[in-house]
Amino acid sequence: MDVRDRVAVVTGGASGIGRSLGLALAARGAAAVVVADTDAVGAQAVAREITLGGGTALAVPCDVSREADVQTLIARAEEAFTRIDVFCSNAGIIVAGGVEVPDPAWSRIWAVNVQSHVYVARAVLPGMLARGEGYLVITASAAGLLTQLGSAPYAVTKHAAVALAEWLAITHGDQGIGVSCLCPQAVTTNLGATSLREVGGLPPPAARDGAVPSQDAGSVSRQAAVDGVLTPDQVAASVIEGLADERFLILPHPEVATYERRRATDRDRWLGGMRRLQAHLAGKG
Ligand SMILES: NC(=O)c1ccc[n+]([C@@H]2O[C@H](COP(=O)([O-])OP(=O)(O)OC[C@H]3O[C@@H](n4cnc5c(N)ncnc54)[C@H](O)[C@@H]3O)[C@@H](O)[C@H]2O)c1
């Protein structure tokens with residue numbers, strides 16, 4: 001899809017990948033960009049950046065884990081700009097740790113990283129299907145194709161996000177609905193700090209139980225350094241390209257395709273390799 005003259009919504013639009021996506025969509029001539037985030041002040045600031053650059057934007061405070069908020073967001077976008085052509089369901093958080101992570105944190109990350117995409121699809125698809133066109137971009141992660149060392153909740157929820165995106169592409173792909181799934185490795189964003197604010201009370205990823213710092217935490221961790229850390233602007237440029245090509249998987253770090261192939265070809269070997277990488281990053285290998 002060419003985003004020129006299209007109406008776009010970006011959740012998690014106040015910061016990081018979402019902010020860059022909003023700005024890139026506007027720079028590519030989107031008719032309007034709706035910037036949605038729990039951080040209302042940040043969303044307003046990005047909307048202002050877009051309008052100062054000559055674009056049209058609207059900021060809407062929204063917690064994507066609440067279905068009523070998602071419904072209100074979509075209603076406000078349609079009211080202001082008549083339709084939504086591209087919905088970038090991008091907001092997400094990370095929680096470090098394994099099965100010991102307390103249930104409230106598992107519930108929160110499930111709600112933000114998975115159920116939000118269900119709410120978005122439920123609310124935005126009817127209009128798109130009625131018009132016979134529309135595009136959904138779901139931000140998952142390379143963790144959704146591979147794994148996330150040091151964070152079971154992130155690995156599990158991002159796999160679920162990929163599964164939902166695939167299901168939507170299969171089910172609605174012949175009805176004019178495009179679906180892309182964005183799966184980057186490390187990107188320099190505020191994900192670690194944002195997640196602490198959103199989940200509340202948990203110590204930062206690197207501080208928990210000697211866990212490997214998360215590549216998705218945005219800090220330049222040793223794991224992240226393996227394949228390089230991208231800027232959110234680079235990731236947004238990949239999304240614009242992926243949208244133009246209507247490609248399902250958007251991989252700003254291209255080596256992820258090779259890793260996924262290796263994982264599918266010989267799962268035991270891949271698991272052994274991941275154990276070795278984990279030990280190496282923890283200084284034990
Ligand atoms: N940074 C990375 O290394 C990386 C890698 C792969 C995937 N991702 C994914 O990219 C997406 C964007 O994260 P980012 O790295 O730009 O982080 P970020 O923290 O810079 O931006 C995330 C934004 O989402 C907002 N947000 C969080 N919970 C929300 C909620 N419930 N409702 C609405 N908004 C909410 C935050 O306020 C923040 O503005 C996430 O889904 C993340 O999992 C990030």
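The expected span of a helix is taken as 1.5 Å times one less than its number of residues. In this predicted model, helix 1 (residues 16-27) has 12 residues, and the distance from its first C-alpha to its last is 17 Å, close to the 16 Å expected at 1.5 Å a residue. Nine of the 12 residues of helix 1 are buried, so that this helix is largely enclosed by the rest of the structure. The buried positions are Gly16, Ile17, Gly18, Ser20, Leu21, Gly22, Ala24, Leu25 and Ala26. The cover over these residues includes strand 1 (7-11), strand 2 (32-37), strand 4 (86-89) and strand 6 (177-182), together with helix 2 (40-52) and helix 8 (232-245). Helix 1 is followed by Gly29, for which phi is positive, near 95°.

Burial in helix 6 (residues 191-199) involves Leu191, Gly192, Ser195 and Glu198. The elements against which the buried residues of helix 6 pack are helix 4 (103-131) and helix 5 (152-172). Just after helix 6, a positive phi, of about 80°, is found at Gly200.

The side chain of Thr139 is joined to that of Asn90 by a polar contact of 2.8 Å. When residues up to four places away in sequence are not counted, Thr139 touches Ser89, Asn90, His117, Lys158 and Leu182.

The ligand is surrounded by 33 residues, of which the closest are Asp37, Tyr154, Thr189, Thr194 and Arg197. In the side chain of Ser15, an N or O atom lies 2.6 Å from an oxygen atom of the ligand. For Thr194, a distance of 2.6 Å likewise separates an N or O atom of the side chain from an oxygen atom of the ligand. At Thr38, by contrast, the backbone supplies the N or O atom, which lies 3.4 Å from a nitrogen atom of the ligand. The accessible area that the ligand has on its own is 830 Å², and the protein covers 100% of this area.

Notes
Residues are numbered from 1 along each chain as its sequence is written. This is a predicted model: local features need pLDDT of at least 70, side-chain atom pairs count only at pLDDT 80 or more; totals for chains, interfaces and linings use all residues. Side-chain values use heavy atoms; hydrogens and water are left out. A polar contact is a pair of N or O atoms within 3.5 Å; within protein, one must be able to donate a hydrogen and the other to accept it, and residues adjacent in sequence count only if both atoms are side-chain atoms. Contact means heavy atoms within 4.5 Å. Helices (H or I, at least four residues) and strands (E, at least two) are DSSP runs, numbered from the N terminus. Buried means under 20% relative accessible area, exposed over 50%, partly exposed in between (1.4 Å probe, protein chains only). A residue is near a molecule or strand if one of its heavy atoms lies within 4 Å of it. Accessible areas come from the Shrake-Rupley method with a 1.4 Å probe; for residues, only the protein chains shown count as cover.
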